[in-house]
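Colleague: I'm new to this one. Can you walk me through it?

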Amino acid sequence: FARMFVQVCLYFYCKCLWRCLKFVVRKLTGRCELQRICYNTKPGAARTMKIEASLKGSKSKRLQTSVSVHPDAIEKTIDDIMELKRINPDINPQLGVSLQACLLQIVGYRNLVAEVEKLRREPYDSENPQHEEMLLKLWKCLKPSSPLKARISKQWCEIGFQGDDPKTDFRGMGLLGLYNLVYFAEWDTEVAQQVLCDSLQPKYREVTKKELSHFSKAEWEKKRFDKAIGYSFAIVGINITDLAYNLLVSGALKTHFYNVAPEAPTLTHFQQTFCYLMHEFHKFWVEEDPLDIMEFNRVREKFHKQILKQLQNPEMALCPHFAASESLINI
């Protein structure tokens with residue numbers, strides 16, 4: 001009964017009292033909610049997310065649907081909003097500019113989700129020359145001094161695939177996994193090669209007296225050749241693609257994209273974010289110092305929660321460390 005009472009109160013507040021409060025505030029300030037947000041909130045995720053929530057929560061269908069218009073229709077949509085809200089564009093010229101920037105980001109994010117989903121659903125096809133070309137490019141970028149002896153080869157295990165033919169490993173993320181790995185290897189080559197090298201080499205550790213007091217000789221022998229760095233590079237890349245995909249679809253990445261993309265976020269922004277996550281996960285994996293690869297899911301989940309926590313900050317921007325994104329850091 002108490003739960004039902006609270007829900008009824010919330011419904012009444014959202015549907016009636018909240019709208020009354022907005023009406024009173026507009027009469028007192030002479031500005032609608034969209035104006036107050038644009039004038040009182042600085043550009044970026046904080047402003048865009050408030051504008052998005054305001055439009056979606058409006059009682060007007062025209063305002064509700066404005067967040068899903070075609071990019072070419074944004075200017076017309078802004079004119080419709082100004083007319084509906086009875087705002088004179090000559091007196092409020094900056095409002096139209098601010099709303100347009102916010103709508104570009106909102107609509108762009110929706111389109112990016114659709115583009116990423118399309119790539120995820122497209123399976124790798126070994127009969128497709130473009131797919132094969134991308135796969136070979138991945139090898140050349142990661143192993144430039146070691147020619148691939150055959151298309152079906154044990155060599156693929158050297159960059160972290162599970163078998164002789166990598167196509168079977170792309171089933172979960174489709175072409176999206178390959179696109180991300182190739183982007184990382186091509187545009188952040190030095191870091192990608194270093195991460196790959198680290199993932200192949202176990203790290204030797206010197207025993208300390210303090211550690212000896214916590215481990216038996218048998219336990220230490222198991223741990224002294226620390227496998228914390230050892231993991232399958234390509235498989236982890238596909239797994240981190242899944243993590244990035246879920247952050248995107250859930251809306252968690254809106255904070256980051258709305259802060260780093262002054263207009264519509266693109267696939268390149270998503271791929272740069274993937275590179276950042278790969279680099280950060282590698283450091284996180286080493287810091288966590290797991291006993292073996294069987295702890296991967298635990299470490300991944302902990303890393304996921306850490307990224308989610310960071311993205312709850314409306315001013316957060318996951319600053320990619322690589323050269324391809326230097327222009328974004330300065331925005």
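Modeller: One term before we start: contact means heavy atoms within 4.5 Å. Also, this is a predicted model.

Colleague: Fine. Which residues is threonine 48 in contact with, leaving aside its neighbours within four places in sequence?

Modeller: Cys102, Gln105, Ile106 and Tyr258.

Colleague: Where does threonine 48 lie?

Modeller: In helix α3, which covers residues 45-56.

Colleague: Is threonine 48 buried or exposed?

Modeller: Buried. Its relative accessible area is 1%, and the cut-off for buried is under 20%.

Colleague: Let's zoom out. How many helices and strands does the chain have?

Modeller: There are 16 helices and 2 strands.

Colleague: And what share of the residues is buried?

Modeller: 43% of the 331 residues in the chain.

Colleague: What about contacts across the sequence?

Modeller: Take contacts between residues at least 6 apart in sequence. Of those, 66% join residues at least 24 apart.

Colleague: Where is valine 6 found?

Modeller: In helix α1, residues 2-29. Valine 6 counts as partly exposed, because its relative accessibility is 45%.

Colleague: New topic. How many disulfides are there?

Modeller: The count comes to 0. Take cysteine 32. The nearest cysteine sulfur belongs to cysteine 38 and is 8.3 Å away. A disulfide needs the two sulfur atoms within 2.5 Å, so cysteine 32 is in none.

Colleague: Is cysteine 32 buried or exposed?

Modeller: Buried, with a relative accessible area of 1%. Cysteine 157 is partly exposed, at 33%.

Colleague: On to the rings. How many aromatic pairs does the count give?

Modeller: It comes to 15. One of them is tryptophan 139 with tryptophan 156, an edge-to-face pair. The centres are 5.6 Å apart, with 75 degrees between the planes.

Colleague: Where do those two tryptophans sit in the chain?

Modeller: Tryptophan 139 is in helix α7, residues 129-142. Tryptophan 156 is in the loop between α7 and α8. They are 17 residues apart, and the pair links distant parts of the chain.

Colleague: Are tryptophan 139 and tryptophan 156 buried or exposed?

Modeller: Both are buried.

Colleague: How many residues apart are phenylalanine 281 and tryptophan 285 in helix α14?

Modeller: They are 4 apart, which means about one helical turn separates them. Helix α14 covers residues 267-288.

Colleague: Which residues do ring pairs link into a cluster?

Modeller: Tyr231, Phe281, Phe284, Trp285, Phe296 and Phe303. So the cluster takes in both partners of that tilted pair.

Colleague: Now charges. How many salt bridges does a search of the whole structure find?

Modeller: It finds 17. Glutamate 117 forms one with arginine 120, and the closest N and O atoms are 2.8 Å apart.

Colleague: Where is that pair?

Modeller: Both are in helix α6, residues 93-121. They are 3 residues apart, so about one helical turn separates them. Glutamate 117 counts as buried at 16% relative accessibility. Arginine 120 is partly exposed at 21%.

Colleague: Last one. Which residues do salt bridges that share partners join into one network?

Modeller: Glu288, Glu295, Arg298 and Lys302. Arginine 298 is partly exposed at 40%. Glutamate 295 is partly exposed too, at 22%.

Terms used:
Residues numbered from 1 in each chain as written. Predicted model: local features only at pLDDT ≥ 70, side-chain atom pairs only at ≥ 80, totals over all residues. Heavy atoms only, no water. Buried < 20%, exposed > 50% of the residue type's maximum accessible area, 1.4 Å probe, protein only. Phe/Tyr/Trp six-rings, centres within 6.5 Å; stacked < 30°, edge-to-face > 60°. Salt bridge = Lys/Arg side-chain N within 4 Å of Asp/Glu carboxyl O.
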